[in-house]
Amino acid sequence: MRRSLAVAAACLSLALVACSPVEKKKKNKVVTEQQATVNVCDQLAKVGSALEASAALTPASTVGDAEAAGKQLRTALKGLKQAEVTLEAARLEAFQTQAQAFNKELKKVSKEKQLTLEEAAKTLKPQADSVVAAHKELQAAVECKGTAPAAAN
């Protein structure tokens, strides 16, 4: 009796866990991008403080003062680089999520052979617009050197 009760409780727990992550993932993704943005801003402020500390060095400052200011700047720049990588990953994930949703909708529409092209286009347009918007956000956030922007239709 206890064993079957434990098995039932374990199955119920697994079912609850299996059903809940989709909503949690969406919330965490938004929070992650927001947190990453806040972290970049915090790191920029630290870099600014480190630059001010370096600029405040005078001829009367010691070598130890200069080394401390240099270390503070190196640490701030390293933190900024890590924060920027995290932010870019969050932005890329947002684009990939939109692209996957579009592909899923495209597969669904392609199975409906009775649809006209106009009906298929109306069904796909909202997803396509979301992918285009996410792509534009990603493109605006990343400076791609040596590549021409693709023509949009």
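The following conversation goes through the predicted model of one protein chain.

Student: What kind of model is this, and how are residues numbered?
Tutor: It is a predicted model, in which local features need pLDDT of at least 70, side-chain atom pairs count only at pLDDT 80 or more, and totals for chains, interfaces and linings use all residues. Residues are numbered from 1 along each chain as its sequence is written, and side-chain values use heavy atoms, with hydrogens and water left out.

Student: What is the mean pLDDT of the chain?
Tutor: The mean is 77, and 72% of the residues reach 70 or more. Here pLDDT is the predictor's confidence in each residue, from 0 to 100.

Student: Where is confidence lowest, and where is it highest?
Tutor: Confidence is lowest in helix H1 (residues 2-19), with a mean of 37, and highest in H3, with a mean of 91. Over residues 1-27 pLDDT stays under 50, and the model has zero contacts beyond four places in sequence for them. Contact means heavy atoms within 4.5 Å.

Student: How many helices and strands does the chain have?
Tutor: There are four helices and zero strands, giving the pattern α-α-α-α along the sequence. Helices (H or I, at least four residues) and strands (E, at least two) are DSSP runs, numbered from the N terminus.

Student: Which residues form the largest nonpolar core?
Tutor: Nine residues do: Ala 36, Val 40, Val 47, Ala 50, Leu 73, Ala 76, Leu 80, Ala 83 and Leu 87. Helix H2 (21-55) and helix H3 (63-111) are the elements that give two or more residues to this core, and H3 gives the most, with five. A nonpolar core is a set of buried Ala, Val, Leu, Ile, Met, Phe, Trp, Tyr and Cys residues joined through side-chain atoms within 4.5 Å.

Student: What does Leu 80 touch?
Tutor: Leaving aside neighbours within four places in sequence, Leu 80 is in contact with Val 40, Gln 43, Leu 44 and Val 47.

Student: Is Gln 43 buried or exposed?
Tutor: Gln 43, which lies in helix H2, counts as buried because its relative accessibility is 10%. Buried means under 20% relative accessible area, exposed over 50%, and partly exposed in between (1.4 Å probe, protein chains only). Not counting residues up to four places away in sequence, Gln 43 touches Ala 76, Gly 79, Leu 80 and Ala 83.

Student: How much of the chain is buried?
Tutor: Buried residues make up 15% of the 153 residues.

Student: And Glu 105, buried or exposed?
Tutor: Glu 105 is buried, since its relative accessible area is 17%. Its place is in helix H3. Apart from neighbours within four places in sequence, Glu 105 is in contact with Thr 123, Leu 124 and Gln 127.

Student: What about Asp 65, and where is it found?
Tutor: Asp 65 is found in helix H3 and is partly exposed, with a relative accessible area of 38%. Its C-alpha atom is separated by 8.9 Å from that of Ser 54, eleven residues apart along the chain.

Student: Changing topic, which helices supply the lining of the second largest pocket?
Tutor: H2, H3 and helix H4 (117-141) each supply at least two residues of that lining, and the largest share, five residues, comes from H4. Eleven residues line the pocket, with Glu 33, Ala 94, Phe 95, Ala 134 and Glu 137 nearest its centre. On a 1 Å grid over the protein atoms alone, a pocket is an open set of points where a 1.4 Å probe fits, with protein on both sides within 12 Å along at least five of seven lines; lining residues have an atom within 4 Å of a point.
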